[in-house]
Amino acid sequence: MTGIRFVPFAGRRVAYELTGEGPPLVAPAWWISHLALDWDDPGCRSFWESLGRGYTLTRYDRLGVGLSDRELEEEDLTLDREVGMLEAVLDELGWERVVLLGGSVGGCTAIAFAARFPERVERLLLYGAFAEGESIAPAQVRAAIVGAVRSHWGLGSRVLADVFLGKVGRAEHERFARYQRAAASAETAAALLELTYRSDVRGDLERVRAPTLVVHRRADRAIPYRLGRELAAAIPHAALVPLDGSAHFPWLGDADSVVRAMRAVLDREPARATVEAEPPAVLLSSREREVLALVARGLSEREIAEQLVVSPHTVHRHVANIRNKLGRGSRAAAVAEAARLGLL
């Protein structure tokens, strides 16, 4: 591990880590996490090391949990904010094109990002993922779990340990219950569970263009297998790999089978997407078009950053990318070229 780093986002700091060397493999944040504690878990560490071999693996703690700033605001509790957080990490690292590995609710972030920024996603790997949070469990069950977490985090963390871990010993249950309480406060954990249950990327599925692999355990106790099957059926040209097991976390149970399924994709030579052969104007992402429109209105990079709730550094990178893609050396020339191409 190269150490924990921080990227500014929405006026706070998001913690991320880099491990290994090679092309970028990025895992959007799960429900709650703690980078330092994850690395201390031998099973978790072995899983990520095996999976990320030959890649630069990046994981991060979302706002409110782990080593990121713990202040969580109401505005953070949206899928758009999750996508923006992922975008901020990629921009901080200067990565234009990556492989995304979305696990659990991180799969929603990965799917939404892949649909909105197809030119930035080389491949999409999904594990234990879903498209609609309300489908995870009946409304009364969801409400009971959130209520237990919010009112009695000790009890709630044990309930969730039973759901997430499957058939493991009592000591492992207690260890994971403590991990959850160290990673987030009761209120943050409950609020992020509610966000998980509200998440809905069904409208994004048909817009995913990256080659996609869906891996799901048939007896997953947290996210039913049928939801993984529905994902694979709805994403164009996606492949489904069903696996045995009941633990939601991929590093528990037969972790090697998860690694083998995903390495079968990761070990292939990159298949360049057709968008790379299209004219530069087509390659402007939705966020770049947003920035371009604000540049055309005469806003400074700092003003654009404030309006889009991103860092000035992120805006600067977008403006540079826009100029490069349009083949123009200045903001004014890029705006003129965009107008000529009908992008404004």
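This is a predicted model: local features need pLDDT of at least 70, side-chain atom pairs count only at pLDDT 80 or more; totals for chains, interfaces and linings use all residues.
Side-chain values use heavy atoms, without hydrogens and water, and residues are numbered from 1 along each chain as its sequence is written.

The side chain of Glu172 forms a salt bridge with that of Arg175 (3.2 Å, N to O); the term denotes a side-chain nitrogen of Lys or Arg within 4 Å of a carboxyl oxygen of Asp or Glu. Arg175, at 27% relative accessibility, is partly exposed. A salt bridge also joins Arg175 to Asp41 (3.2 Å, N to O). Asp41 lies in the loop between helix 1 (35-40) and helix 2 (42-51) and Arg175 in helix 7 (residues 170-183), so this pair ties together parts 134 residues apart in sequence. Helices (H or I, at least four residues) are DSSP runs, as are strands (E, at least two), numbered from the N terminus. Asp41 is buried, at 14% relative accessibility.

## Arg218 and Asp244

Arg218 and Asp244 form a salt bridge whose closest N and O atoms are 2.8 Å apart. Arg218 is partly exposed at 46% relative accessibility, whereas Asp244 is exposed at 57%.

## Overall count

The structure contains 25 salt bridges.

How values were computed. Buried means under 20% relative accessible area, exposed over 50%, partly exposed in between (1.4 Å probe, protein chains only).
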